[in-house]
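Visitor: I would like a close look at a single part of this structure, please. Could you pick one buried spot and walk me through what surrounds it?

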Amino acid sequence: MWLGAQGNPIELRQVGGTYGRMFMGWSDSPEYVRRMSEARRTIRAVPPVEAQERVRGGALLLDVREAEEFARGHITGAVQVSASALPLRAAGILPHRHASVVLYSSSGHRSALAAHALQTLGYTQVVSIDGGIKAWQLGRPLPDPSRAAR
């Protein structure tokens with residue numbers, strides 16, 4: 001049992017289940033649209049330049065895309081954990097609830113929802129890269145994963 005941002009008890013399976021279903025293909029549903037609007041109102045989305053500064057300052061960089069997406073290319077230094085698994089794995093990944101964390105996904109939608117989920121769990125220094133990895137890549141090509149394996 002975790003305490004949410006307001007000190008209310010939250011069961012992890014409740015959070016994981018709610019957010020887990022969100023990432024499983026119902027992005028066109030009214031419920032998804034409502035939750036995305038709520039997430040966008042409550043999280044902080046930062047431009048790639050600010051995200052890079054935060055990472056240089058010690059923030060943990062989390063790629064919340066699926067493992068297959070991560071394998072095709074990711075930001076150097078990122079740790080991969082899917083958005084749907086993040087609420088359940090947060091305690092094992094994040095050192096404390098005041099840790100500085102930068103999240104990204106493909107276009108910023110999943111990372112916004114994941115940031116909202118972390119805030120619900122009481123994490124206070126969470127941001128999402130506005131526009132996701134697509135925005136990060138503008139002017140910054142990702143390392144070629146086939147060359148990194150050599």
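Guide: Let's begin with Arg65, which counts as buried because its relative accessible area is 6%, under the 20% cut-off. Keep in mind as we go that this is a predicted model. Arg65 sits in the loop between strand 4 and helix 4, the latter covering residues 67–72.

What does the side chain of Arg65 reach? Leaving aside residues up to four places away in sequence, Arg65 touches Phe70, Gly73, His74, Gln80, Val81, Ser82, Tyr104, Ser105, Ser106, Arg110 and Ile133.

Asp63 is buried, because its relative accessibility is 0% and the limit is under 20%. The side chain of Asp63 has a polar contact with the side chain of Tyr104 as well, at 2.7 Å. So that you can trace the surroundings of Asp63 too, here are the residues it touches, again without those up to four places away in sequence: Phe70, His74, Ala78, Val79, Gln80, Val81 and Tyr104. Along the chain, Asp63 and Ser106 are 43 residues apart, and their C-alpha atoms are separated by 8.9 Å. Ser106 is among the residues that Arg65 touches.

Tyr104 belongs to strand 6 (residues 100–104), the element with the highest mean pLDDT, 97. At the other end of that scale is strand 1 (residues 2–3), whose mean pLDDT of 38 is the lowest among the elements. The pLDDT stays below 50 over residues 1–26, a stretch that has 54 contacts in the model beyond near neighbours in sequence. Where pLDDT is low, the predicted coordinates should not be read in detail. For the chain, the mean pLDDT is 78, with 71% of residues at 70 or more.

Stepping back, here is the setting for this spot. The chain has eight helices and seven strands, and 43% of its 150 residues are buried. Of the contacts with a separation of 6 or more, 70% are between residues 24 or more positions apart. The chain exposes about 7900 Å², with carbon and sulfur atoms supplying 53% of that area.

Key:
Residues numbered from 1 in each chain as written. Predicted model: local features only at pLDDT ≥ 70, side-chain atom pairs only at ≥ 80, totals over all residues. Heavy atoms only, no water. pLDDT = per-residue confidence, 0-100. Helix = DSSP H or I, 4+ residues; strand = E, 2+ residues; numbered from the N terminus. Contact = heavy atoms within 4.5 Å. Buried < 20%, exposed > 50% of the residue type's maximum accessible area, 1.4 Å probe, protein only. Polar contact = N/O pair within 3.5 Å; in protein donor to acceptor, adjacent residues only side chain to side chain. Areas by Shrake-Rupley, 256 points an atom, 1.4 Å probe, with all protein chains shown as cover.
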